[in-house]
Structure formats: C-alpha cells, structure tokens
Amino acid sequence: MQNRQEEKISQVVVTAVQMRDIEDRIFAAGMPVVALMEKVAGLIARRIQEIPPTPLFKGGYILSNSLQAEGFRVGILVGPGHNGGDALVVARELHFRGYEVWIYSPFSKLKELTSQHLQYAQSLGIPIYQTIEQLPDSDLLIDGLFGFGLERNLTDPIASAINQLNELSVPIYSIDLPSGLHTDTGEVLGTAIRATHTFCLGLWKLAFFQDQALEYLGKAELIDFDIPLADVEAVLKNAPSIKRIIPATALANLTLPRPQVTHKYKEGHLLLICGSRRYAGGAILTGLGARASGVGMLSIAVPESLKSLLVSHLPEAIIVGCPETETGAIAQLQLPEKTDLSSFNAIACGPGLTRDATPIVQEVINSDRPLILDADGLNILAQMGAIATLKKRLAVTVLTPHTGEFQRLFPDVPNAKHDRVQAVQEAAAQSKAIVLLKGARTAIANPQGAVWSIPESTPALARGGSGDVLTGLLGGLLAQAATKEIPVENIVVTAAWWHSQAGIIAAQERTELGVDAFTLTQYLIKVLSN
Ligand SMILES: NC(=O)C1=CN([C@@H]2O[C@H](COP(=O)(O)OP(=O)(O)OC[C@H]3O[C@@H](n4cnc5c(N)ncnc54)[C@H](OP(=O)(O)O)[C@@H]3O)[C@@H](O)[C@H]2O)[C@@H](O)CC1
Ligand SMILES: Nc1ncnc2c1ncn2[C@@H]1O[C@H](COP(=O)(O)OP(=O)(O)O)[C@@H](O)[C@H]1O
Ligand SMILES: [K+]
C-alpha cells in the first residue's frame, strides 16, 4: 500500500537537470552524499534478493534465501560516476549475502566516492576485471555504467563492450536507467544496454515515457528513496508539469457513481461523424467505443448507404444517414429536424471519413462545440493549415494524431520521433488545442504546457481500428463531462488510460495477437468492473 507521499512521488516525472537540482537541495540541507548512496543501493540490493526464480536462472533459485544465493553468479558493471558507486555498494551487499560476485570496471578515472567503494570491494577479495574479454560467466548482470550524468555519445571501447554484453543471454538489471540512454529524450547515445529490468531511482525520469527508449528499459520499477516532496515542489514550481498517470487519477475523472436522479440528456449527447463506403467498419468501432463510455445519447452521422449497417450494430444510437459523394464519403451533414450542432455536448469527427469529406470537417471546426478530430479529420485539418485554423475556434479542440498524422499537422514542430514529450507540448501550445500523441506510450499536452503520460500499454493495440475505438470512448466521456464541468484534459487522460488498460487485460486473456479492435471494445467495461 502506498502512502500519500509515495503516491504523489510516483506521479512526478523529471528531467536530468531537475533531478540534479532536487538532489542538490537534499545535499545542501545536510544529507551526506555517501549516506544517500548507501540508502539507495541498499534498497536496490534488497530488490535484487527478492527477484523470483525464472527459467533463465539456473535450477530455479530462490534468491531471497542466502543459502541458495551461494553459487549464483552476479556480474556488476561499474562506470566512472555515482551510478558506478551505487553498483559497487550493491556488489558489496550481495557479496556478504553469499552471492558469487565479480566486478567489471573498465574506467581508469573514477569519481572519488566510486573509487573508494572499488578499493573496498577489492579488499574484500571480489574479483575485478578491466576488459570485456576477461569476464567470467554470470547468471545476472547489474548495470551501473552510467545514469543521469551521461550526456555525450558512447564510443569504443565501452560502446563495443556494451554491444557484447547485450549479446549474452543473461538478464540485465539497470540502475537508474539503461546505460547509454539520454535521460530526457530516451535517445540511444551511440549504443545502450538492453535491460531486462530497470530500477529508476527516486523519481521517474522522462526517458521512461519516450517510445524510443522502451526496447531498452525492460520492466521499469521506481525505487522510492524518500525524496522530500517540498524539494520536488521547490524545483518544479515554475516548470510545466509532466505527470505519470496512475489508476487513481484516471478513475477520479469518471462520473461514478451516477446521481440517482438523472436522465439521458444529462449524461451527455455525443455526435460522431465517421465512415465512408470504403471504411464502414471504422464507424462501427467508433460507435462501440462511445457505447462503452456510458454516454447518455449517441448520434452517429454516416453516409446514407451505411445507415442500416450501423443500426444493426448499434441499435441504441440515432443513426443519421447523410447525402454522399460519388466516392461514398459524407457530402454534407444532414441532421434531423429541430437538431443542429448546438444540440450536442461534444462532437467527434474523423474515423473512416476519407479526405473527400472536407466540407464537414470545416463545418464542425466552425461550430462552438467541444470537438475531437481524429484520422481523416486530422488530415483534412492539416490541408487547411492546423495552427491558423484552430486559433479561430471558440470551443475546446482535442486532436488525437499518431506520429504520421502529427507530422502532417505540425510540420514545423521538432520531430516527434526525437522527443515526443517536447513535441506534443509545443504542438499544444502553438495550436491552443489539447493534443494526444498516440504511440506505445501515449502523451497528452494542454496549451499551457502540462503533459501527461500513460505509463503502461501493450503492443497488442498496434492494429487497425484500435484508434477508432479510442475516439469513440473519448467522445462519449467528453460529452458526459461537458454537463459536469470536468476539465477536458482530465477526460482525455482518462480515456487514453482506459483504452490502454483494456488492451492490457485483453492481451492477458487472449495473448498479444488476440486483441483486434472489435474485441478491444468488449474489454473496455472490464477495466471498471475488474
Ligand atoms: N548524487 C548522488 O549521491 C546520488 C546519485 N545517484 C546515482 O548517481 C547517478 C548520477 O551520477 P553521476 O552524476 O556521477 O553520473 P553518472 O551517470 O554515474 O555518469 C557520469 C560519469 O560518466 C562520465 N561520462 C559521461 N559521458 C561519458 C562517455 N560518453 N564516455 C565515458 N564517460 C562518460 C562522466 O565523466 P565526465 O563527463 O565528467 O568526464 C561522469 O564521470 C545516478 O544516475 C544514480 O545512479 C543515486 O544513487 C542517488 C544519489
Ligand atoms: N506499440 C504499441 N503499444 C501500445 N499501444 C499502441 C502501440 N501501437 C499503437 N498503439 C495504440 O493503438 C492505437 C492506434 O491508433 P491509430 O494509429 O489511430 O489506429 P487506427 O487509425 O487504425 O484506429 C493508439 O491508441 C495507439 O496508442
Ligand atoms: K545504468
């Protein structure tokens, strides 16, 4: 069970500079550097001893039992800085717990504290090797080569040593972050350790939320070493916040329980505008995503020829058949009598439209309703010039691009592949929209510069149509929230978290290959009922 301090700490995300500033405050307040290193590395050593036996570990060791630790070989990779110092403290602790420890220390110049720990390890008789060729076999490697102090590209001989270590079929546990990754962008600086598991120290670093880092991080875990919240707040107070979403935050934005006395229009009326003759299924998936949100009323505008298909899949929805172009796209929005766009609490527009539906996208952009644009809605917006067009909007806009759509929308924003967090932040600031950048780790930014990251998901979602499900879900939540004054960015965060969790649960039950977009819609409600 987490206490309040731990829960707050687990949501904070920092850059390398911010982490350094926070540590400096702690040291300035009197905490000795050496004591902090002991504390941190002691926690890591304890976690290593708890590692459950896996098939990779020979003979199924129970590592928490020191008798069975005997004969278990742990290689400790030691860099020149305090990341190496942490590793050496872990080496010493595991040595005394009965592990068979060796040290790889390829650098001749070490920081003073690191050097002292190395000297002591040597005095204990722990073998120390300088070159990669000398290294004995091991059952586990602990990576303490570089932490958040790494700023330049790695070169040989350490770069080729890392490549060789990656080739061994031995689990690697990285301290703070896999050596070779940039702490903020998650970029690989020359080369990097491919960790099985990473113990992020103290506060989550930005790299953990960058898609390009994921293949290197393995399973990520925060080692909380009691950084005072006051120091965190003092350093972050003027910076735009970057938050890691935890379930409690995501669930708090859902309007549950519903009030006893309510009615369908009080629970939001969403208009979906989607589909074409070519992409009929996208309209169904978007509708099913919206259904799972619990929205009070659902209207779906589709080309006339799709109407009966939609009715058969979503009998509860009002299906609005619209005149269509020769190519089977919606030609114009033809809402029922006495209805206009102001009848809806939110509009979600885009999945499966094709680029022939330009007039409709223009019409919804001109409306004063909260609007979500996705897929072809975004492509059409990009053709209009996203930033200039959105600045004229009177109501809130949410954009949900994947990386390709993002680049078409914001060609002048630095490449989202390099630093997704910064890219989404700038796009939101420039467009005054809330931007949700899809990916393995979806990031959301508001125009004020605040960013939220969804910390876990599954590649099972990398399938056509799963984004359509998100658009429907988000639309339904937004329509409900509009009648309840919940900030729109909170709703976007909740929808993205919910969507990822449904993917995770579905993949657990059905494997990563079993989560087609229709199946995903069936798992959305399980996230709340589990
Ligand atoms: N402060 C504390 O007590 C606490 C710190 N903690 C731990 O400290 C870690 C940060 O420690 P750190 O600042 O010493 O930096 P670290 O990541 O070990 O490496 C920097 C070293 O690498 C060197 N170097 C850089 N680039 C290089 C290259 N391309 N090729 C070769 N060398 C290169 C660079 O040399 P320089 O650039 O100065 O020449 C410098 O010597 C942090 O991640 C966490 O594990 C926690 O225990 C909490 C308490
Ligand atoms: N590797 C991945 N890991 C986790 N989620 C992913 C991954 N790839 C894609 N997704 C998610 O799947 C959805 C795909 O949406 P999108 O690209 O718009 O697909 P479509 O337009 O076919 O519906 C997004 O929510 C995205 O975040
Ligand atoms: K490391």
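Trainee: Which residues does Gln 480 touch, leaving out those up to four places away in sequence?
Mentor: In this predicted model, Gln 480 touches Thr 255, Arg 258, Glu 267, Gly 268, Ser 293, Gly 294 and Val 295.

Trainee: And where is Gln 480 found?
Mentor: Look in helix H18, which covers residues 466–482.

Trainee: Is Gln 480 buried or exposed?
Mentor: Buried, because its relative accessible area is 5% and anything under 20% gets that label.

Trainee: OK, new topic. What coordinates the potassium ion (ligand 3)?
Mentor: Asn 83 gives its OD1 and Ser 179 its OG, while Asp 143, Phe 146, Ile 175 and Leu 177 each give the atom named O. The distances run from 2.7 to 3.1 Å.

Trainee: What do the angles make of that arrangement?
Mentor: The six donor atoms subtend angles of 68 to 173 degrees around the potassium ion (ligand 3), so the arrangement is irregular.

Trainee: What would ideal angles be for six octahedral donors?
Mentor: Those would be 90 or 180 degrees.

Trainee: What spacing do the donors of the potassium ion (ligand 3) follow along the chain?
Mentor: Written out, the pattern is N-x59-D-x2-F-x28-I-x1-L-x1-S.

Trainee: Are Asp 143 and Phe 146 buried or exposed?
Mentor: Asp 143 is buried, with 0% relative accessibility. Phe 146 counts as buried too, at 12%.

Trainee: Let's stay with Phe 146. Where does it lie?
Mentor: Phe 146 sits in the loop that runs between strand E5 (140–144) and helix H7 (158–167).

Trainee: What does Phe 146 touch, beyond residues up to four places away in sequence?
Mentor: Its contacts are Pro 80, Asn 83, Phe 107, Leu 154, Ile 158, Ile 175, Leu 177 and Ser 179.

Trainee: How far apart are Phe 146 and Ser 174?
Mentor: In sequence, 28 residues separate them, and in space their C-alpha atoms are 9.3 Å apart.

Trainee: Back to that loop between E5 and H7. Which residue is joined to Pro 157 by a cis peptide bond?
Mentor: Asp 156, and omega for that bond is about 5 degrees. Pro 157 lies in the loop you mean, between E5 and H7.

Trainee: What about Leu 256 and Pro 257, what kind of peptide bond joins them?
Mentor: A cis one, with omega about -5 degrees. Pro 257 is in the loop between helix H10 (247–252) and strand E11 (269–273).

Trainee: Switching to phi now. What is the value for Ala 375?
Mentor: Near 50 degrees, which is positive in a residue other than glycine. Ala 375 is in the loop between strand E15 (371–373) and H14, and with a relative accessible area of 15% it is buried.

Trainee: And phi of Thr 511?
Mentor: Near 75 degrees, again a positive value in a residue other than glycine. Thr 511 is in the loop between helix H19 (488–510) and helix H20 (517–529). Its relative accessible area is 46%, so Thr 511 is partly exposed.

Trainee: You mentioned H14. At what angle do H13 and H14 cross?
Mentor: Roughly 80 degrees, and the axes of H13 (residues 358–366) and H14 (residues 376–384) come within 10 Å. That makes H13 roughly perpendicular to H14.

Trainee: Which residues make the contact?
Mentor: H13 brings Thr 358, Val 361, Gln 362 and Ile 365, and H14 brings Gly 377, Ile 380, Leu 381 and Met 384. By class, that contact has five nonpolar, three polar and no charged residues.

How values were computed
Residues are numbered from 1 along each chain as its sequence is written. Chains are lettered from A and ligands numbered from 1 in the order in which they are written. This is a predicted model: local features need pLDDT of at least 70, side-chain atom pairs count only at pLDDT 80 or more; totals for chains, interfaces and linings use all residues. Side-chain values use heavy atoms; hydrogens and water are left out. Axes are lines fitted to C-alpha atoms, for helices over the stretch in contact, and angles run from 0 to 180 degrees between N-to-C directions. Helices (H or I, at least four residues) and strands (E, at least two) are DSSP runs, numbered from the N terminus. Angles under 35 degrees count as roughly parallel, over 145 as roughly antiparallel, 65 to 115 as roughly perpendicular and the rest as oblique. Contact means heavy atoms within 4.5 Å. Ala, Val, Leu, Ile, Met, Phe, Trp, Tyr, Cys and Pro count as nonpolar, Asp, Glu, Lys and Arg as charged, and the others, Gly among them, as polar. Donors are N, O and S atoms within 2.8 Å of the metal (3.2 Å for Na, K and Ca); water is not among the atoms, so sites may look incomplete. Four donors count as tetrahedral if all angles lie between 85 and 135 degrees; four count as square planar and six as octahedral if opposite donors are over 155 degrees apart and all others between 65 and 115; anything else is irregular. Buried means under 20% relative accessible area, exposed over 50%, partly exposed in between (1.4 Å probe, protein chains only).
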